[in-house]
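Please open the model in your viewer and keep the sequence beside it.

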Amino acid sequence: MLQATSYKLQAQKGFTLLESLIAVAILTVGVSAAMLVIVSSLNVGTRTKHKIVAANLAQEGIEVVHSIRDRNWFAGRAWTDGILNLNNACVQWDSAYNSVNPTCSGGSNLILFGTPPHYVHSTNSAQFSRVVGTRFFPADTPNLGDSERLQVTATTTCGANCTITLEEYLYDWK
């Protein structure tokens with residue numbers, strides 16, 4: 001007589017190899033996506049920081065020309081003395097005297113220097129560079145009644161595909 005043998009499948013505890021591989025793959029995709037978002041955020045933050053610094057350096061370039069115009073008034077000189085028809089000139093902020101180098105012989109690149117740190121022109125390679133240009137418009141140009149004015153344009157570069165240009169008009173208010 002034959003005897004029937006019964007086999008019971010026992011519930012196994014733990015994961016199979018296939019389940020473990022799928023779990024690791026899902027975890028890898030999730031961590032990779034999170035890392036991509038973090039790296040992208042850091043890159044955007046760095047680019048934004050560079051653009052903010054470039055905008056402030058361009059504004060400083062305009063302010064240097066503005067300050068020179070004011071010093072000309074106080075010294076009794078023509079208000080455009082030293083700042084008329086600049087073309088890609090380098091201007092430098094200095095607490096004692098603001099300076100203009102029309103040929104940028106010291107370099108148009110800007111590096112952090114000194115205590116407290118501030119940007120100065122250099123021939124060394126740098127993240128930022130700045131040039132300033134001016135254009136004089138006589139009175140009544142282009143329209144009758146227009147005031148005599150000086151257009152000041154400051155352009156700062158902050159790396160590849162990053163340029164900030166600011167423009168302002170200065171007048172002889174005195």
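Which hand does the disulfide of C158 and C162 have, left-handed or right-handed? The torsion about its S-S bond is about -50 degrees, so this disulfide is left-handed.

Before going further, note that this is a predicted model, in which local features need pLDDT of at least 70 and side-chain atom pairs count only at pLDDT 80 or more, while totals for chains, interfaces and linings use all residues. Residues are numbered from 1 along each chain as its sequence is written, and side-chain values use heavy atoms, with hydrogens and water left out.

**The disulfides**

Stay with C158 and C162, whose sulfur atoms are 1.6 Å apart; a disulfide here is a pair of cysteine sulfur atoms within 2.5 Å. C158 counts as buried because its relative accessibility is 4%, and C162 is likewise buried at 8%, where buried means under 20% relative accessible area, exposed over 50%, and partly exposed in between (1.4 Å probe, protein chains only).

Strands (E, at least two residues) and helices (H or I, at least four) are DSSP runs numbered from the N terminus. The torsion about the S-S bond of C90 and C104 is about 110 degrees, which makes the disulfide right-handed. C90 is buried at 3% relative accessibility, and C104 is buried at 15%.

**The helix**

Now select residues 17-75, which form helix α1, with 59 residues and a reach of 86 Å from its first C-alpha to its last, close to the expected 87 Å; that expected span is 1.5 Å times one less than the number of residues. Just after α1, G76 takes a positive phi of about 80 degrees.

**An aromatic pair**

Finally, select W79 and F136, which form a tilted aromatic pair, 6.5 Å centre to centre with 55 degrees between the planes. Rings of Phe, Tyr and Trp (its six-membered ring) pair if their centres lie within 6.5 Å, and planes under 30 degrees apart count as stacked, over 60 as edge-to-face and the rest as tilted. W79 is buried at 7% relative accessibility, whereas F136 is partly exposed at 26%.
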